[in-house]
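Please work through the following exercises with the sequence and the model at hand.

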Amino acid sequence: MSMSMTPEKSVVIHPLWLRITHWLNALAMLIMVTSGWRIYNASPLFNFRFMNELTLGGWLGGALQWHFAGMWLFGINGLLYLLVNLCSGRFKRKFWPLSPRQFFADMWAALRGKLQHADLRHYNMVQRGMYLFVIVASIMMVVSGLVMWKSVQFPLLRTLLGGYETARYIHFFAMTALVGFVAIHLIMVALVPRTLLAMLRGR
């Protein structure tokens, strides 16, 4: 008697490379955000500062060292994530097509607590839109960060972003968008714990 049926729990939801890049990205973002808050405190853009207890680095010089270390991890890991997604065709399978009408329908369902997560292998329109938004925000954070780090060496980027000071604001708002996404992401994980298990063990 042939046993051809595969148990549902054996289906891979997230491949190993995706799980590794996901957790490396989480580490890089934690380092960059907390050290970035300490750097911000040294020259704030707005009339507030972040609590020192929430920052990394101890002082400006230490925060800059942590920020640069996180920058390389975030940049290289992010580039690897994009390349594998594009070359494997996963980007098109997971994030395309996008339907504005379905996006708002799914968003309305999510706000009422009725958005289904039966099959974690498939992203709903809200997930697709949010993940694409995060990719764009991450790219803007990297580009604006390059202008702030090496303004003289990247004159074209500096001009395209409207100058050094404008790049600082873009960097800040891109960071804010990513932190906001992480907050929503953690809430969704709390509501659907299976997503955390899938990202830890792949199934």
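The model is predicted: local features need pLDDT of at least 70, side-chain atom pairs count only at pLDDT 80 or more, and totals for chains, interfaces and linings use all residues. Residues are numbered from 1 along each chain as its sequence is written, and side-chain values use heavy atoms, with hydrogens and water left out.

**Exercise 1.** Determine which side chains meet in a salt bridge.

*Solution.* 
1. The criterion is a side-chain nitrogen of Lys or Arg within 4 Å of a carboxyl oxygen of Asp or Glu.
2. The partners are arginine 168 and glutamate 165, at 3.7 Å from N to O.
3. Both lie in helix H7 (residues 164-191), 3 residues apart, and are thus separated by about one helical turn.
4. Buried means under 20% relative accessible area, exposed over 50%, and partly exposed in between (1.4 Å probe, protein chains only).
5. Arginine 168 is buried at 15%, whereas glutamate 165 is partly exposed at 44%.

**Exercise 2.** Identify the backbone oxygen that the side chain of threonine 34 reaches.

*Solution.* 
1. Threonine 34 is located in helix H1 (residues 16-42).
2. Its relative accessibility of 13% classes threonine 34 as buried.
3. The side chain of threonine 34 reaches the backbone oxygen of leucine 30 at 2.6 Å.

Terms used: Helix = DSSP H or I, 4+ residues; strand = E, 2+ residues; numbered from the N terminus. Polar contact = N/O pair within 3.5 Å; in protein donor to acceptor, adjacent residues only side chain to side chain.
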